[in-house]
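Please describe the backbone, the helices and the core of this chain.

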Amino acid sequence: MRSADIGLGPEGAGDAPPPGLEAARGAAGLSDLAVLVLREPEPRRKAEMARYAAARWLRRDIDGIGAAAPPDRPARPERPELLPPAKMPRRKIGAAPEGRIALLHAVAHIELNAIDLAFDMVARFAGVGMPTGFFDDWVTIGDDEARHFQLLDNRLAALGARYGDLPAHDGLWRAAMETADDLLNRLAVVPMVLEARGLDVTPGMIAKLSAAGDSESAAVLTIIHDEEIGHVAAGRRWFEHLCEVRGLEPVATWRAIVAERFRGGLKPPFNSESRSLAGFAEAYYTPPPEAGEGGAS
Ligand SMILES: [Fe+2]
Ligand SMILES: [Fe+2]
């Protein structure tokens with residue numbers, strides 16, 4: 001099932017900036033548009049702004065990348081309340097909508113963070129000399145994340161809920177801040193740990209939603225899973241590109257960065273089928289790197 005079949009086609013998305021952000025028409029470069037995405041607190045407008053930024057860049061309707069600096073933290077709405085991951089309530093997925101709402105709300109929160117992670121990648125590393133293809137990839141990913149958020153927001157509305165109704169966990173931006181010093185570290189952790197983890201866990205969520213009879217929500221998560229393969233692939237490709245530029249061996253370098261910068265550790269079981277579709281070889285993550293493991297960095 002494609003996005004268009006569940007009421008959210010790509011047609012016309014991103015043609016105009018969202019109301020209140022008309023000043024985006026005068027943005028000087030891609031990084032200026034990215035900063036507008038990051039500074040927008042309202043989730044639906046953030047998603048629309050992301051789609052507008054992507055459309056402008058991908059049709060080459062903006063001059064160059066510019067050098068606008070991203071904020072340390074993206075703007076967030078007052079709700080949801082952010083809790084430590086351990087304090088998040090757990091609900092069973094079943095015929096009653098509450099469990100499904102909780103699941104879709106948690107994924108919507110991840111996608112909202114993913115919009116910011118993509119545009120932070122674009123703005124924070126605007127000046128490190130990456131080729132145009134790098135910006136094309138991350139802008140396309142930011143557009144995907146915005147569409148994923150919109151699809152989930154639509155499903156929440158169909159179930160009588162809304163993003164912000166439930167608490168959400170506050171751990172996601174930490175990984176961004178802890179890898180803000182170097183693009184190699186950011187690529188190693190955000191797409192190659194966090195988004196790859198999404199590939200591992202999403203099939204189980206799809207199965208639970210299907211078993212609960214919610215084929216629409218299952219279809220949305222299937223779209224997300226399939227498109228996240230491309231995000232992991234882009235992260236892996238640019239990580240390996242940067243390793244080559246710096247004369248580093250990719251597998252040992254990745255393992256050393258993960259051991260040093262990702263405190264949570266990797267959690268098997270891994271979805272090696274989806275990971276391999278992203279060109280992410282098992283040699284990277286099997287066995288999972290241990291904290292303090294040596295190697296090149
Ligand atoms: Fe996504
Ligand atoms: Fe993603």
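Pro 80 sits in the loop between α2 (43–58) and β1 (82–83). Helices (H or I, at least four residues) and strands (E, at least two) are DSSP runs, numbered from the N terminus. A cis peptide bond joins Arg 79 to Pro 80, with omega about 10°. The bond from Pro 268 to Pro 269 is also cis, with omega near 5°. Pro 269 belongs to the loop between α8 and α9 (272–277).

This is a predicted model, in which local features need pLDDT of at least 70, side-chain atom pairs count only at pLDDT 80 or more, and totals for chains, interfaces and linings use all residues. Residues are numbered from 1 along each chain as its sequence is written, while chains are lettered from A and ligands numbered from 1 in the order in which they are written.

**Confidence.** pLDDT is the predictor's confidence in each residue, from 0 to 100. The chain averages 92, and 94% of the residues score at least 70. Over residues 1–5 the pLDDT stays under 50. The model has nine contacts beyond four places in sequence for this stretch. Where pLDDT is low, the predicted coordinates should not be read in detail.

**Overall form.** The chain has ten helices and two strands. From the N terminus on, their order is α-α-β-α-α-β-α-α-α-α-α-α. The radius of gyration is 19 Å, close to the 19 Å that the globule rule gives for 297 residues, so the chain is as compact as a globular protein of that length. That radius is taken over C-alpha atoms, and the rule is 2.2 Å times the number of residues to the power 0.38. The C-alpha trace spans about 55 × 50 × 35 Å along its principal axes.

Of the 297 residues, 45% count as buried. Buried means that 20 or more other C-beta atoms lie within 10 Å of the residue's own; exposed means 12 or fewer, and partly exposed is in between, with C-beta atoms placed from the backbone. Two residues are in contact if their C-beta atoms, placed from the backbone, lie within 7 Å. Among contacts with a separation of 6 or more, 80% join residues 24 or more positions apart.

Arg 60 is in the loop between α2 and β1. Its phi is near 60°, a positive value in a residue other than glycine. Most residues other than glycine have a negative phi, and most peptide bonds are trans.

| Residue | Other C-beta atoms within 10 Å | Class |
|---|---|---|
| Ala 23 | 10 | exposed |
| Glu 42 | 15 | partly exposed |
| Arg 60 | 8 | exposed |

Ala 23 lies in the segment before α1 (30–39). Its C-alpha is 22 Å from that of Leu 112, 89 residues apart along the chain. Glu 42 is in the loop between α1 and α2. Glu 42 and Arg 79 are 37 residues apart in sequence, with 9.8 Å between their C-alpha atoms.

**Helices.** Eight of the ten residues of α1 are buried, so α1 is largely enclosed by the rest of the structure. The cover over these buried residues includes α2, α3 and α4 (132–158).

Helix α6 (residues 183–211) has 29 residues and reaches 41 Å from first C-alpha to last, close to the 42 Å expected. The expected span is 1.5 Å times one less than the number of residues. At Val 201 there is a kink of about 35°, shortly before Pro 203. The bend is the angle between axes fitted to the seven residues ending there and the seven starting there. After α6 comes Gly 213, whose phi is positive, near 85°.

Helix α8 (residues 250–261) has twelve residues and spans 16 Å, close to the 16 Å expected. Its buried residues include Trp 254 and Arg 255. The buried residues of α8 pack against α6, α7 (215–246) and α10 (282–285).

**Core.** A nonpolar core is a set of buried Ala, Val, Leu, Ile, Met, Phe, Trp, Tyr and Cys residues joined through C-beta atoms within 7 Å. The largest one has 87 residues. Those with the most contacts inside it are Ala 34, Val 37, Ala 53, Ile 115, Val 122 and Met 192. Helix α3 (residues 97–124) gives the most to this core, with 16 residues. Beyond four places in sequence, the contacts of Met 192 include Val 232, Phe 239, Trp 254 and Phe 280.
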